Amino acid sequence: MQVYVIHENPDWYPPIDAALRAEGVPHQQWLVGDGTLDLDAIPPGGVFWSRMSASSHTRGHPFAKDHARAILRWLESHGRRVVNGHRVLELEVSKADQLIALRAAGIDVPRTVAVAGQRQLAAAAAGMPVPFISKPNQGGKGLGVRRFDSHEEFAGYLSDTGLEQPADGITLLQEYLPAAAPFITRVEIVGGEFVYAITADISSGSFELCPAEACAVGEGPAREIFALREDIDPRILARYTAFARRHGIEIAGFEFIETADGRVVTYDVNTTTNYNPAIEVVAPRPALREVARFLGALLVREAGALHAEVR
């Protein structure tokens with residue numbers, strides 16, 4: 001028996017491989033996007049960790065999300081232990097889904113209008129106070145997120161013949177949130193428990209804040225925007241861990257911003273969370289090692305259950 005890491009981006013795998021090896025956890029990656037799935041077959045034993053990313057289409061894997069959906073449903077139908085299963089994948093690939101769930105849990109989220117297709121975008125934007133931002137409903141790493149300081153600027157953007165369409169046809173128009181201080185905060189949860197929090201400097205105005213080393217290729221010192229944060233209100237952590245339990249989220253990063261008018265606004269739940277290597281070195285509990293230990297413990301439990309069945 002082993003841990004299967006279900007994903008589509010080999011560039012993100014080396015740190016995961018190293019952490020699992022360090023903890024002595026047998027594992028292999030399961031790349032999705034191309035391949036077959038025999039629905040009459042019995043899945044292998046083990047623990048299956050879904051790291052399916054909402055941004056997979058930006059790496060030339062347009063069908064990976066749908067492939068993963070089928071795999072996760074198949075595994076769960078056979079009672080396999082899946083970490084971040086099919087319901088979590090649906091949250092990962094729809095920011096609207098995330099925001100609806102967060103709001104239902106009493107967590108403050110940005111005012112957002114979801115627009116299907118292109119014809120209603122200009123009219124919907126006219127009802128947004130400026131500045132506002134647009135973003136794809138299905139995306140990640142901050143890709144495709146843009147700020148607009150006037151409705152005229154947005155109209156010019158829409159008239160661009162090279163305008164890239166969102167992967168699922170849905171664009172989100174969202175209030176722009178001025179920060180009280182120039183950073184956002186990301187809270188990392190592993191096994192449903194808080195591990196650490198980091199800040200990301202947003203003074204440059206960039207929305208692309210992926211902390212993984214693979215995201216920083218060619219960007220040089222951009223990785224220095226991240227720092228550990230210790231002064232987290234425990235009430236925020238309690239809301240996130242309760243939300244994670246309610247939705248079966250076992251590994252994730254929750255991102256929030258503290259606004260100039262005193263709000264604490266959560267705008268993203270990243271269930272394919274990556275960890276910054278510089279942060280991992282100084283963190284009291286490196287998150288990726290916690291992930292490896294969590295998966296290793298699940299694997300031992302599954303092996304024990306199988307042994308008991310055989311007896």
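## A pocket, a hairpin and the chain

The second largest pocket holds about 400 Å³ of space. A pocket here is an open set of points on a 1 Å grid over the protein atoms alone, where a 1.4 Å probe fits, with protein on both sides within 12 Å along at least five of seven lines; lining residues have an atom within 4 Å of a point. Its lining has 24 residues, and Pro136, Gly144, Arg146, Tyr157 and Glu164 are the closest to the centre. Strand 6 (132-136) and helix 6 (151-158) are the elements that give two or more residues to this lining; helices (H or I, at least four residues) and strands (E, at least two) are DSSP runs, numbered from the N terminus.

This is a predicted model: local features need pLDDT of at least 70, side-chain atom pairs count only at pLDDT 80 or more, and totals for chains, interfaces and linings use all residues. Residues are numbered from 1 along each chain as its sequence is written, and side-chain values use heavy atoms, without hydrogens and water.

Now to the hairpin. Strand 12 (residues 251-258) and strand 13 run antiparallel, joined by 6 bridges (strands pair if DSSP finds at least two bridges between them). Glycine 253 is opposite asparagine 270 of strand 13. Between the strands lie 5 residues, and glycine 262 in this hairpin has a positive phi near 90 degrees. In strand 13 (residues 264-270), 6 of the 7 residues are buried, meaning under 20% relative accessible area with a 1.4 Å probe, protein chains only.

For the whole chain:

| Item | Value |
|---|---|
| Helices in the chain | 9 helices |
| Strands in the chain | 13 strands |
| Buried share of the chain | 47% of the 311 residues |
| C-alpha span along the principal axes | about 70 × 45 × 40 Å |

Key
Points joined across faces, edges and corners; volume = space filled by probe spheres on them. Buried < 20%, exposed > 50% of the residue type's maximum accessible area, 1.4 Å probe, protein only.
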